[in-house]
Amino acid sequence: MNHASLPLAGRHALVTGAARGIGLACARALLAQGAAVTLLGRDAATLQAVADGLGAAQRVGIASADVADAASVRAAFAQAAERHGPVHVLVNNAGQAISQRFDRTDAALWQTMLDVNLSGTFHCMQAALPGMLEQGWGRIINVASTAGLVGYAYVGAYCAAKHGVIGLTRAVALEVARKGVTVNAVCPGYTDTDIVRDAVANIVQKTGLSDTDARARLAERNPQGRLVDPQEVADTVAWLALPASASLNGQAIALDGGEVAG
């Protein structure tokens with residue numbers, strides 16, 4: 001199919017944390033809907049290798065930034081706009097999870113979790129929103145977590161940051177509701193990504209369980225008894241980006257097999 005006939009043809013999507021996992025799956029899904037896509041991350045060489053593998057050279061660009069640094073984000077968005085124009089769809093996927101008991105969580109760990117997961121989302125939203133408002137059309141999709149909806153032991157700082165992302169999503173959604181822009185969050189449960197692989201390694205180290213048993217322990221949280229596939233998250237993100245999803249605003253959509261239902 002000619003991509004010009006697809007629903008996001010002529011739109012520019014920027015995905016943070018796009019080199020792997022959920023971010024890369026989102027980039028692929030948005031390309032499949034016709035968008036031009038900028039992959040944003042910290043390592044330009046890795047991003048370029050990923051971009052080269054997507055097979056859509058005219059519609060894929062890269063921008064290097066540390067999302068926790070506002071000036072770095074602004075420069076990266078300006079670079080992306082030079083290639084594909086202003087951002088129409090922002091996917092805030094960059095994130096980091098570090099496990100630590102609350103009484104052993106020091107100020108540095110606390111700040112890192114806030115900087116990457118919450119402030120990074122804030123900086124990217126502030127960089128993208130003026131262009132969206134000027135165009136009268138935009139989609140901001142924040143990849144939060146079920147940790148933004150409920151508590152999990154041993155990741156207090158991460159939970160606090162992701163709860164903040166959902167609060168920010170809901171607040172800004174109300175501010176822009178009449179301006180053609182929607183702001184939503186997707187909240188995956190345990191997903192088969194590097195973050196979960198790191199969690200599995202941590203469980204193995206601390207408990208002596210096998211890798212298989214540690215993965216099963218995480219999968220048990222999902223009533224379907226499995227880890228979420230990154231493609232499932234990406235498909236939901238792409239759906240939220242469509243013109244037809246204009247009435248979805250201020251939502252936090254759990255993708256978890258029913259873990260936090262009710």
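Good morning. A residue is called buried under 20% relative accessible area, exposed over 50%, and partly exposed in between. I begin with that definition because several residues in this talk are placed by it, and His163, at 37% relative accessibility, counts as partly exposed. Please also keep in mind that this is a predicted model.

Let me start with the overall form. The secondary structure of the protein comprises 8 helices and 7 strands. For a chain of 262 residues, a compact globule would have a radius of gyration near 18 Å, and the protein, with 18 Å, agrees with that. Along the principal axes, the C-alpha trace extends over about 50 × 35 × 35 Å. As for burial, 47% of the 262 residues count as buried. The accessible surface amounts to about 11,900 Å², and carbon and sulfur atoms hold 51% of that area.

Two further totals may be of interest to this group. Among contacts with a separation of 6 or more, 68% join residues 24 or more positions apart.

I turn to the domains. The assignment gives domain 1 as 12–189 + 229–254 and domain 2 as 192–227. How many residues does each domain bring to the contact between them? Domain 1 supplies 10 residues and domain 2 supplies 8 residues. The C-alpha centres of the two domains are 25 Å apart.

Now to helix H5 and the residues around that helix. Helix H5 covers 156–175, and the loop between strand E5 (138–143) and helix H5 contains Tyr154. Tyr154 has a phi near 75°, a positive value in a residue other than glycine. For context, most residues other than glycine have a negative phi. Is Tyr154 buried or exposed? With a relative accessibility of 52%, Tyr154 counts as exposed, because the cut-off for that class is over 50%.

At 1% relative accessibility, Val165 counts as buried. Leaving aside neighbours within four places in sequence, Val165 is in contact with Asn117, Leu118, Thr121, Asn142 and Ala144. Val143 lies 22 residues from Val165 in sequence, with a C-alpha to C-alpha distance of 8.6 Å.

The second topic is His163, also placed in helix H5. What does His163 touch, apart from neighbours within four places in sequence? The contacts of His163 are Ala147, Gly148, Leu149 and Val150. Between His163 and Gly151, 12 residues apart in sequence, the C-alpha to C-alpha distance is 9.3 Å.

Leu149 leads us to another part of the chain. Ala254, in strand E7 (residues 252–255), touches Leu149, Cys187 and Val260 when residues up to four places away in sequence are not counted. Ala254 is partly exposed, with a relative accessible area of 31%. The C-alpha atoms of Ala254 and His12 are 242 residues apart along the chain and are separated by 26 Å.

Lys206 sits in helix H6, residues 194–207. Lys206 counts as exposed, at 57% relative accessibility. Its C-alpha lies 20 Å from that of Ala157, which is 49 residues away in sequence.

Further along, Asn222 occupies the loop between helix H7 (211–219) and helix H8 (230–241). Beyond neighbours within four places in sequence, Asn222 is in contact with Val228, Asp256 and Gly257.

Val165 is buried at 1%, His163 is partly exposed at 37%, and Lys206 is exposed at 57%. Thank you for your attention.

Technical notes:
Residues numbered from 1 in each chain as written. Predicted model: local features only at pLDDT ≥ 70, side-chain atom pairs only at ≥ 80, totals over all residues. Heavy atoms only, no water. Helix = DSSP H or I, 4+ residues; strand = E, 2+ residues; numbered from the N terminus. Rg over C-alpha atoms; globule rule 2.2 N^0.38 Å. Buried < 20%, exposed > 50% of the residue type's maximum accessible area, 1.4 Å probe, protein only. Contact = heavy atoms within 4.5 Å. Areas by Shrake-Rupley, 256 points an atom, 1.4 Å probe, with all protein chains shown as cover. Domains from an automatic or database assignment.
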